[in-house]
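Reader: I have a new structure to look at. Could you walk me through it?
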Amino acid sequence: MNFFEVIKELLMQSGFASLSWREGVMLAVSFVLFILAIAKKFEPLLLVPIAFGMMLANLPNTGLMADPAGLMDASSAVAGAHWYDDGVLRLLYAGVKSSIFPCLIFLGVGAMTDFGPLLANPSSLLLGAAAQLGIYVAFIISIATGLFSPQEAASIAIIGGADGPTAIYTTSKLAPHLLGSIAVAAYSYMALIPLIQPPIMRALTTKKQREVKMEQLRNVSKTEKIIFPIIVTVFCALLLPSVAPLIGMLMLGNLFRESGVTDRLSDTAQNALCNIVTIMLGVTVGATANGENFIQIKTLAIVGIGLLAFSFSTAGGVLFGKLMYYITKGKVNPLIGSAGVSAVPMAARVSQNEGAKANPTNFLLMHAMGPNVAGVIGSAVAAGFLMLMFGGK
């Protein structure tokens, strides 16, 4: 075999010869996500691992998501294969499939979250609930298209809560075959909050309403902050048992933060553990977005419906904020309602920025954090309701 034949044989066995147009498109999508994450700094901690996982999964012949043991899909099983024969990303994906990763992310989120603004202003719960409007609108639209089953529609709908871990958790229970599309859509729209929300907020409010300065929140006692996660866990788990893993881990993390006796655990949950799980979750979720499964009419529909869901959630929060503005005779700035989506703390920062543009002396961040953290609970409860209705366990 001469030199040219060796080169030809090498190229024929390389990934270049096996690269399909679908995989090429997905590689291009991953590059766009890299640009958004690195150049535009849109949720880089999530989009960078997701984009890299997507890139890896669409490089031919790597076998990173191979499943010869049939751990995730019995139809792919090969006689005599063992679990350790599966691709490395497929093995890590078991943490998503089993809901371990989303729950651990919630543990970290809970440890980083201060529920003080919510406790200081309990009406924030109503704003958080109103901002889940997009979930139910998206469910209705998904069913109306005729493309999706109720389980698939419920999974798509959670995109409207702007809560990536909850979307992954729900989808892994109800429609795991859509996990890649839904996760990428959910995290992409979370990253694009600073672009999506402001036009909706300005369109639904007047300049006078955006200029409203709100009174300083009361101080919340340590006892209130300690009791809150315990009560919420018990109530939500009794009401919707299927949501106990998410709410339980969220509130456990918060109890680590507020108890004052578990500083080391709180620090680990906030930093080391959350960072490690974010890497594994992002890479493996991205790796599910392969060209064969991703480039379909359903995927385009999911992206479109997800945007509508997110927009309706933002609008629902702002409109309820306007209602509170009228009820309180101008004491509530409607902009804080948009923070009712559960992208913490980015949505609250958007409310702060828009308020400051209308009135440079305005400081809405702490007021917006109330509905923002309420949205985390609200989206988890909505997910629990949908799983209860459509077969999640």
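Author: What follows is a short talk through a predicted model, from the chain overall to one residue.

Reader: How many helices and strands are there in the chain?

Author: There are 21 helices and zero strands.

Reader: What radius of gyration does the chain have, and what would a compact globule have?

Author: The chain has 22 Å. A compact globule of 393 residues would have a radius of gyration near 21 Å, so the two values agree.

Reader: And what does the C-alpha trace span along its principal axes?

Author: About 85 × 45 × 40 Å.

Reader: What share of the residues is buried?

Author: Buried residues make up 52% of the 393 in the chain. The chain exposes about 17500 Å², and carbon and sulfur atoms supply 69% of that area.

Reader: Which contacts join residues at least 24 apart in sequence, as a share?

Author: Counting contacts between residues at least 6 apart, 76% join residues at least 24 apart.

Reader: Switching to charges. How many positive and negative ones are there, and how far apart are their mean positions?

Author: The chain has 24 positive and 19 negative charges, with mean positions 14 Å apart.

Reader: Is Gln 197 buried or exposed?

Author: Gln 197 counts as buried, because its relative accessibility is 0% and the cut-off for buried is under 20%.

Reader: What is Gln 197 in contact with, beyond its sequence neighbours?

Author: Leaving aside neighbours within four places in sequence, Gln 197 contacts Phe 310, Thr 314, Ser 338, Val 341, Ala 347 and Val 350.

Definitions and conventions: Residues numbered from 1 in each chain as written. Predicted model: local features only at pLDDT ≥ 70, side-chain atom pairs only at ≥ 80, totals over all residues. Heavy atoms only, no water. Helix = DSSP H or I, 4+ residues; strand = E, 2+ residues; numbered from the N terminus. Rg over C-alpha atoms; globule rule 2.2 N^0.38 Å. Buried < 20%, exposed > 50% of the residue type's maximum accessible area, 1.4 Å probe, protein only. Contact = heavy atoms within 4.5 Å. Areas by Shrake-Rupley, 256 points an atom, 1.4 Å probe, with all protein chains shown as cover. Lys, Arg positive; Asp, Glu negative; His and termini not counted. Charge placed at Lys NZ, Arg CZ, Asp CG, Glu CD.
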